[in-house]
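Biologist: Could you walk me through this model, one piece at a time?
Modeller: Gladly; have a look at it, and then ask whatever comes to mind.

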Amino acid sequence: MVPFVRSTIALAAAALLAAASAARQQPVFRSGVDVVSVDVSVRAGNSPLQGLRAEDFDLRDNDVAQTINDISYETQPIDATIALDVSQSVNGTVLDGMRKAVEALMGDLGPGDRLKLFSFNERIVRAVDYTSDAKAASAAIKSAAGFGGTSILDAMAVALVGAHELDRRQLLVVFSDGRDSTSISERDGLLDVARRSHAAADVVLSARSMTGDLRDFYEAVAKETGGLVMPVVPGSDVSKAFRTVLSDFRSSYVLHFTPQGVERSGYHTLTVAVRRSGHLDVRARRGYFGG
Amino acid sequence: MRRAVRTALALALSSTALAQATQQPTFRTGVDGVSVDVTVMSGTSPLAGLKAADFVLLDNGVRQTIDVVDTQTLPIDVSLLLDTSASEKPQADGIRRELDKIEAVLGPEDRLEVMTIDTYVHQVFPMRGPSAHPLFSPTASGGLSSIYDAIAAAMLQPVLANRRHLVVALTDGYDTVSTLDAPAIRDLARRSDAALHIVSAIAAPTVRAQNMQSEAKRRPELMVPAIPADPRAPGPGELPQQCVETGLCEQWSRFWLPFADSSPDLLAEAARSTGGDVHDPGWFANRDLSSIFRQVFDDYRHSYVLRYTPANVARTGWHTLTVRVAAAGSQSYLVRARSGYAIDTAAPASPDRTPLWAAPDHPVSAVLASVVDAYDREDYQAAASALERANDFGKLIHEFETAGNPWPSNPHREAVFVVELAATGLFRSDAPSRLAASDLLRNYSRLVRSSGEPDEFERLYYWAAITAVEGTIPGAAALPLVETAEKRFPDEPRFQLAHAIVSDQEHSLPPYADADRTLDLYAAAATNPAIAAEAHLRSAFLLHRVGRQDLALNALDVMMPDEPDADLRYLRNLFRGRVQVSRDQFNAAAFAYRAAIASAPDAQAARVGLMTTLFRLGDLPGAESAEREIEAMRSGPIDPWWRYWQGDFRFYPAAIDALRKASR
């Protein structure tokens, strides 16, 4: 735990955005047949690699090769859950940057996409339920004031558990200075929640908090879900980081398969590869829990 | 720790309230003037009959014109300090007889107050004329000595216009428990108007040893571990210092810290800087208290008071005084006068010592003025709002320190104001404000101490200050404040628990260094029924964090389920949930979290705990239901868990309210 009184963080946008690709997974259960959906991000350099077909992927469930029943690209609607740190360490300038970032992200949402907005200091508040109303989201942030402790682990847990609509792709974007002070959740517990959640967790963190075990922990959470950790440096544009996260998520493939040759229950380790030459960055969540 | 006192003293002396109580170089003649007591001895007798022309007085090296020479005309206020720490139980009749003799020495306009000194300073009777004084009631010696604090208490008293102040301290010079140290007394003496005479008493070593041993058993918290690097540590075959001096030979592993800076030379320097002196026992033919006093008092009564208006020297700063007698044969005279005086830069130019607050032009800033004004009206909400307008909090505090007590007739009111001002600054987001607030509180804590035994106001002051400081989760930085409170109030259980809490705060992050020591502190606190429940609770949470889950459960089980403190009831169940999760007992954890929710329906943390536990159990409908409840929650009561690390901060509102009432 850390004191409530901390030096004010300075924030900025994503200058260190890696040429990233993200992969996500949604275990879906339909019509009495278990179908698993896996988000897979494939990037060649800084650009998403388009035009791949099911046979281009090598997908293994607990090391057993699986047949991909279906593949989709930029067709399923997205539920984006944004969790914003409004603790004492977040000052007015940062809040203004977050408001602009959320407005920018909402501008990039498709017609069927929705946004849910949480703010958190020590208390977690759902500021806006699923909506496409950019003004409502902006107004909610405007009314926020930075004070109190930081329950980032609790906020992530609530957002991950709440992202449960199976017919929509679930994206969680968390913006924070990363230093938890008031969560009841512990790190191991949150990692387990992340493994069991349907959502992909992208964590946008102040670069100054990206040190040591803190960075390792958030990267572990992101890897479990196929998400990313994006450090932002003072003076950079948070909006750019948010838009990059959404763009990366939207341009992912969604692979659907019915697990074959594996036990239904328990944790399933997933590995995804692309049968193409050249260096490709392929990312997918690391596994899922069977029923 | 003691070195900090010097800073505190310097700060204290910059405030108007204490300036009134310390140095008064002025008298009411319409212009600034300086009064200097000068004792001229010829052999062992005071020399009488000198006139202004017989003296040479230099102020910062510049010869001054002496306006007036007074002799034996000004009445004298006497503070008599009797160190009984190395005495057997005082004999009431014997001391009463000695005091009768002392009063017989006084003139009709003179006044006398008497203090006895051991662990605490006891005012036997306040300053009063030589009328019948109350019966002397001897107190059992505490065995320890706070002679420095007693001297400070006497020297800080304001010298009334057209009176003189003589402080006579009878002591063997050993100080063991004072807040102030010898350098602080030296600095204070330079700024005091009183003349300090120290009469060295020879204490019977066996009596002092017996008293200290007895006190050590009664108050072990006043003993500290020996410092290995102490240059006074004994060499091979040598007796340890405290063994030689006190007879505490068997406890070298623990000794009295104050022996580390015993400084008789500094005390002598302090006395001589006031124009006083140190008198060895052999100086007097008769060692009766009244005989010793008569000798000192007669010398002082026959001293001259030189008055002059400083010319050709800067007004502010330190003024070195040099006094000589120019009359024939003066080479053989012994001339004693104070070594100088100080006028603070910030001190008001007006000789009437009106606080800046009452000055016609009211030179304080609008922000501070509005804060004080609101505070004066007891509109604390308005005062808090006014404080929020202070952009530079450090500057505001400095301004307050410079301006002095807005309520000169009520030091307690200023003390409460200091706590509230500091409490606001401690929670500021910028480090300079927090530092200034912390310094203010630490420095002022030295001054709130009563000269006698600790009183209720002092206890409330420390409690309010500790609750405020703990709220910032300072860890070890709060230890000096807490330890001082513990020493002053060893029977106050909340201070004992506060010690454990700040130790816990210090090591709140992995790898939880010193956990065992903190657990010991909690265990000690848990022996007191008044705080046992919270001590067990906090001990349990620390045990959980260091991985001792079964012991943590045991500690939680010790707490009664019907604990009257609702916050503790909630935290007990919340922590039980966390412990059970760590033991992979998810069903038991869910049960505990539900119990926590039942005891605090508006608390969020227990719902988050329940949600994640059910999610990990695979109970998705249950988890999603809990998640929807969390989403539906709006602003409500503070979850006690959010304030857990702030320790006693939850008591701050009640503590400051009690302190406010006590100040009225």
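**Chain B and one of its helices**

Biologist: How much of chain B is buried?
Modeller: In this predicted model, chain B has 664 residues, and 46% of them are buried.

Biologist: And how many helices and strands does chain B have?
Modeller: There are 25 helices and 17 strands in chain B. If we take the contacts in chain B between residues at least 6 apart in sequence, 73% of them join residues at least 24 apart.

Biologist: Let's pick one helix, α16 of chain B; which of its residues are buried?
Modeller: Helix α16 of chain B runs over residues 479-488, and the buried ones there are Leu481(B), Val482(B), Thr484(B), Ala485(B) and Arg488(B).

Biologist: Why are those on the same side of α16(B)?
Modeller: They lie on the same side of α16(B) because they cover an arc of only 160 degrees around the axis. In general, an α-helix has 3.6 residues a turn, so residues three or four places apart point the same way.

Biologist: What covers the buried residues of α16(B)?
Modeller: The cover includes three helices of chain B, namely α14 (431-445), α15 (456-470) and α17 (493-506).

Biologist: Switching topic, what is the mean pLDDT of chain B?
Modeller: The mean pLDDT of chain B is 77, with 74% of its residues at 70 or more. Over residues 1-31 of chain B, however, the pLDDT is below 50, although this stretch has 74 contacts in the model beyond near neighbours in sequence. Residues 245-261 of chain B also have a pLDDT below 50, and that stretch has 39 such contacts.

Biologist: And what ipTM does the complex get?
Modeller: The predictor gives the complex an ipTM of 0.85, alongside a pTM of 0.64.

Conventions:
Residues numbered from 1 in each chain as written. Chains lettered and ligands numbered in written order. Predicted model: local features only at pLDDT ≥ 70, side-chain atom pairs only at ≥ 80, totals over all residues. pLDDT = per-residue confidence, 0-100. Contact = placed C-beta atoms within 7 Å. Buried ≥ 20, exposed ≤ 12 C-beta atoms within 10 Å, placed from the backbone. Helix = DSSP H or I, 4+ residues; strand = E, 2+ residues; numbered from the N terminus. Arc of directions from axis to C-beta.
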